[in-house]
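Please keep the structure open beside the text.

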Amino acid sequence: MSTKDELQRIEMLQGTLDLLILRTLLLGPAHGHAIAKAIEFRSDEVLQVEQGSLYPALHRLIKRKWISAADGTSENNRRAKFYSLTPKGRAQLDLETRKWDKFAGAIARILRPAKQENES
Amino acid sequence: MSRDSKRHLSDLESDIQNHIEIETQDNIARGMSPEEARYAAMRKFGNVTRVMEETREVWVVRWLDHLVQDLRFALRGIRKSPLFATVVVLTLALGIGANTAIFTIIDAVKLRAIPVSNPQQLVIFNWKARRQPDFKGHSSFGDCDYTKIDCSLSVPFFRSIRAQTSEIFSGVTAFAGAIDVNVAGNGPASIAHATYVSPEFFSTLGVPMVLGRPFTADEDTPSAAPVIVLDYSFWRRVFASDPNVIGRSVRLDSTSATIVGVADPRFTNFTPGKFQDFYMPLSMVLQVRTQWWDSGNRLYEPDSLWVNIVGRLKPGVSLEQAQAVATTVFRNDTIHGAKPLFKEADDPRIQLLYVGEALHGTNKQIAPMLYLLMVAVGIALLIACSNVAGLTLARSAHRQKEMALRIALGAGHGRVIRQLLTESVLLSTIGGALGVLLAVWGVKAMTHFLAAAHDGVFQYVVEPNARVLAFTLVITFLTGILFGLAPARRCAQIDVNPALKESPSASPKSSHARWFRLGDALVVAQVALSIVVAVGAGLLVRTLQNFRNLDPGFQTENVLIFGLTPTLAGYTDAQNAQLYRGLQERLSMVPGVLSVSYSGEALITGSRSSTDVHFDDGAPNNRTNVDVLRTGLNFLSTMKIPLLSGRTLTPADFATAAATDAAWHAVERVHELAEKAAPAGSAVPFETVNAAPTPVVINRTFAQTHFPNQNPIGKHIGEPDDPNSPRGPGYVVVGIVGDAKYYELRDNIQPTMYVPLVGNGAYFELRTASNPASFVPAVREAVSAMDRNLPVFGISTQSEEIDQSLFQERLMARISGFFGVLTLTLACFGLYGLLSYEVAWRTRELGIRMALGAQSRDILNLVIKQVIVIIAIGLATGVAIALGVTRFMSKVLYNVRPNDPATIAGVAALLAVVALIACYLPARRAIHTDPIIALRHE
């Protein structure tokens, strides 16, 4: 696999990961491990997040002011960062979700044209 | 890295460890062994180091990356158009360099703190009273601004202050000087500058010694053996930094003194621009003093005001507190002292001022000139900026497509602006670096030039420091932003679609017109400003020329001048006269010397003597002031001042003058003795001086003013009555000579008498057959053959003296000339850029016209018409401003009116010609446009 392809794949993954984080935080503030667990759990363990890659993504989102971080205490009684969605992040989530729906729909139409025809 | 990002990153590591910990716990709960659980958790997390790096990069990489990217773009842009970059960098280097140079000198002259420890604690004593007291002596050395305050005080008062104010001041010191002292015993005899100081001078200021020790209190007593402390630069210059100099003795005037110390190099003087070669205790005023000071004892007379007093305030003591205490001491001394100077009603007071505010020195002459220069170079930098802005604007027109493309590809407007600004700041930084090099050279040249006007020494410490560096950095960045902002803003306003679709040559009129309004204005401003500067320069150059072409009334070429003050070396008047005659004879035998004479002052050196005379046909109390020049034998023929009628002074005339002078002094001495014998307060009349009137030669103006319509030869000129001195027999006119300039070139010719010189210091004049400077060794040899210990000073040629007296005119003509040429050149760059842009813009249109049969002349017309209009507007504006501004120059002009039509027309013509030359290249390019290439231009 060429470097270029790999880059594209990571780009994709990153964008998707950002979206998933935003969606998870819609339920309320959570710390890093909880977010990773939630993503795994809610996708029926289909999506295995490489947990480390969560952190650059979280910081990227903080920098874009889509989420904010606050100090809190985790279940094992340690100090941990809790991340929560900002209003800007909520709007972005809406936008991204719609985009994703469109994208997924389009891909789906290309991949399963017969089914679509059947349905309509 | 921003503070924000630091805050976010601070807990990253513990957060990650926590994450792994929780995962481990989960794994254990699922039934794994602890090691297994930990291993699985870590594997699931991935490479911790890499994660942390990546997270950190989220915050760092973006702006750093962009900066590197911008710089790389900028460099590529510069490489792509080297001519543009060169012109911009050179223009800015000139502008920034000139500003840095002038600021460096202003910094040295005005802003530098006195190089002593805690200078803000030092105060200088000034006195005030309702009435001027009768002092025996009052001397000042140019430390304070005497029009406002008086900082000369007596030594007894200094002693009182020192004894009575130890709770207020941690130290008090007195000093006075510098005076000229004849130094011998170390190479050839020379004149050096010496400052009297009290023994606590160095400890009060906190100036350490690099060698030896400071003065002790014992050494400041009249009976002490004379000792001196050398100034560092004098030690280096004259004693070649000899480490064994301590203990050596030198001859000062007619005493011998021992060197005890060498002062630290950082301290030169309190007062900016002043310096000394060595220090001596106050008490040495008894042995070493100036030739003008009377014989009184300046150490004990409360009415001899001659020292400056500086005190160091103790911490916590306020200025007002100290002032009150000092005033009490002053009143006590001067009202109730042994010799009262004031009455209670005179309200004598002491005013304390911080030394940094009160001591001005030569600042007062140099500073206004420097501020004027600073304004001039500031304007030059503005012109440079507007010029570069014009060039950048023209260039940016070509880059519209590039910028539009970037914006279309998603670059934010802010990002594009930042990239353009990076480019301009990069250019200005290169320009600034080059400018600093220029400034180093410029400062050298300027200090050299300024020093020439002040005895060859520029007494200010000029060195680059943080303040100068900060100044240069700030103007460099401001310059970069100033000239980059207009084009950058314009690029950011680009409407993407049309800019991308259309080629520049077919671009809509709207953006073209918009650029032109700004660009035209910039060029008009440049042309106008450069006309103003050039007209000013032209007027100053004409003034200098007028001075140069002025007939001073004598021949200035091939005259060598040097000074002697035998009185300092202990000569009497009679010995003086003998020495002068002997030297005159000896020098006239030197091969190549045509004629030798001497005079009390040299001509056109900015000094003169004058005296009051009384004309026999005038009212009894009538007195008229006339200029007097005391001369040696053959002075008029040596200087080639033409004799109009009568005769010049003969040896017999000199004998008469000497006899009359002796008789006058005898009467004065008799009177002095009689006054001492008489009861106090009673007036003793002078006896009559029984001697012949002194023979004199007068100039034409004297004859015309005071002897109109009569033959002055043989006429008697009387001396006015003066109750304080004997009345001399007056003068008799023996000849009339042509008018010659005396005081300075600018001066109008005054009625002048040439009187035989009897005694006192004198300047020698040698008329030589060839380059007068080559006779200096012969002069030194001749003088030292007469007396080894007699220093020769002030050696120069008459032409140098005239140059010196025209110092200000030369400086202004040279600097304004430089800026005239600079601004003119800048304006030409501006025009060149404008027209190049115009031609490039219209290449396609021109090609079509030529293909349709337009002739070269039509094309030329088309292209140049607009430029001519702009030049014309600029010229008109410039001339109008110049007419308004040059009125303020009338004071510094000579024989040329501020609105001199020839100068203005000349400058306007010059600018028009130069501007047209600047247009030549682009115009040629337009004419030689190949229609086929032009049409294929896209």
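In strand E3 of chain A, A:Tyr83 is the bridge partner of A:Ala30. Strands here are DSSP runs of E with at least two residues, helices are runs of H or I with at least four residues, and both are numbered from the N terminus. Before going further, note that this is a predicted model, in which local features need pLDDT of at least 70, side-chain atom pairs count only at pLDDT 80 or more, and totals for chains, interfaces and linings use all residues. Residues are numbered from 1 along each chain as its sequence is written, while chains are lettered from A and ligands numbered from 1 in the order in which they are written.

## The sheet of chain A

Two strands count as paired if DSSP finds at least two bridges between them. E3(A) also pairs with E2(A), again in the antiparallel sense, over seven bridges. Within that pairing, A:Ile67 has A:Leu85 as its bridge partner in E3(A).

| Strand pair | Sense | Bridges |
|---|---|---|
| E2(A) and E3(A) | antiparallel | seven bridges |

Together the three strands form an open sheet in the order E1-E3-E2 of chain A. Which strands stand at its edges? They are E1 (30-31) and E2 (67-73) of chain A; each has a single partner strand, so one side of each is left without a neighbour in the sheet. The hairpin of E2(A) and E3(A) has five residues between the strands, and A:Asn77 takes a positive phi near 65 degrees there. As background, side chains in a regular strand alternate between the two faces of the sheet.

Around this sheet, chain A has five helices and three strands in total. From the N terminus on, its elements run α-β-α-α-β-β-α-α. Of the 120 residues in chain A, 30% are buried; a residue is buried if 20 or more other C-beta atoms, placed from the backbone, lie within 10 Å of its own, exposed if 12 or fewer do, and partly exposed in between. Among chain A contacts between residues at least 6 apart in sequence, 46% join residues at least 24 apart. Two residues are in contact if their C-beta atoms, placed from the backbone, lie within 7 Å.

## Where the chains meet

Chain A gives 18 residues to the contact between the chains, and chain B gives 21 residues. On the side of chain B, the elements giving two or more residues are helices H2 (12-29), H3 (34-45) and H4 (48-80). H2(B) has the largest share, with nine residues. By class, this side of chain B has eight nonpolar, seven polar and six charged residues. Nonpolar here covers Ala, Val, Leu, Ile, Met, Phe, Trp, Tyr, Cys and Pro, charged covers Asp, Glu, Lys and Arg, and polar covers the others, Gly among them.

## Buried spots in chain B

Helix H6 (residues 155-164) of chain B buries B:Val155, B:Phe157, B:Phe158 and B:Ile161. They sit on the same side of H6(B), because they cover an arc of only 155 degrees around the axis, where the arc is that of the directions from the helix axis to the C-beta atoms. Their cover includes strand E3 (169-184), strand E11 (308-313) and helix H9 (319-336) of chain B.

B:Leu205 is found in helix H7 (residues 201-205) of chain B. Is B:Leu205 buried or exposed? B:Leu205 is buried, because 26 other C-beta atoms lie within 10 Å. Leaving aside neighbours within four places in sequence, B:Leu205 is in contact with B:Val116 and B:Phe267.

Helix H24 (residues 843-851) of chain B holds B:Gly847. In H24(B), the buried residues are B:Leu846, B:Gly847 and B:Met850. They fall within an arc of 100 degrees seen down the axis, so they line one face of the helix. B:Gly847 and B:Pro931 are 84 residues apart in sequence, yet their C-alpha atoms are 4.0 Å apart in space. Just after H24(B), B:Gly853 takes a positive phi of about 105 degrees.

## Confidence

The predictor gives the complex an ipTM of 0.80 and a pTM of 0.59. Chain B has a mean pLDDT of 82, with 89% of its residues at 70 or more; pLDDT is the predictor's confidence in each residue, from 0 to 100. Among the elements of chain B, helix H15 (residues 496-501) has the lowest mean pLDDT (57) and strand E18 (residues 694-699) the highest (96). Over residues 503-515 of chain B the pLDDT is below 50, and this stretch has 15 contacts in the model beyond near neighbours in sequence.
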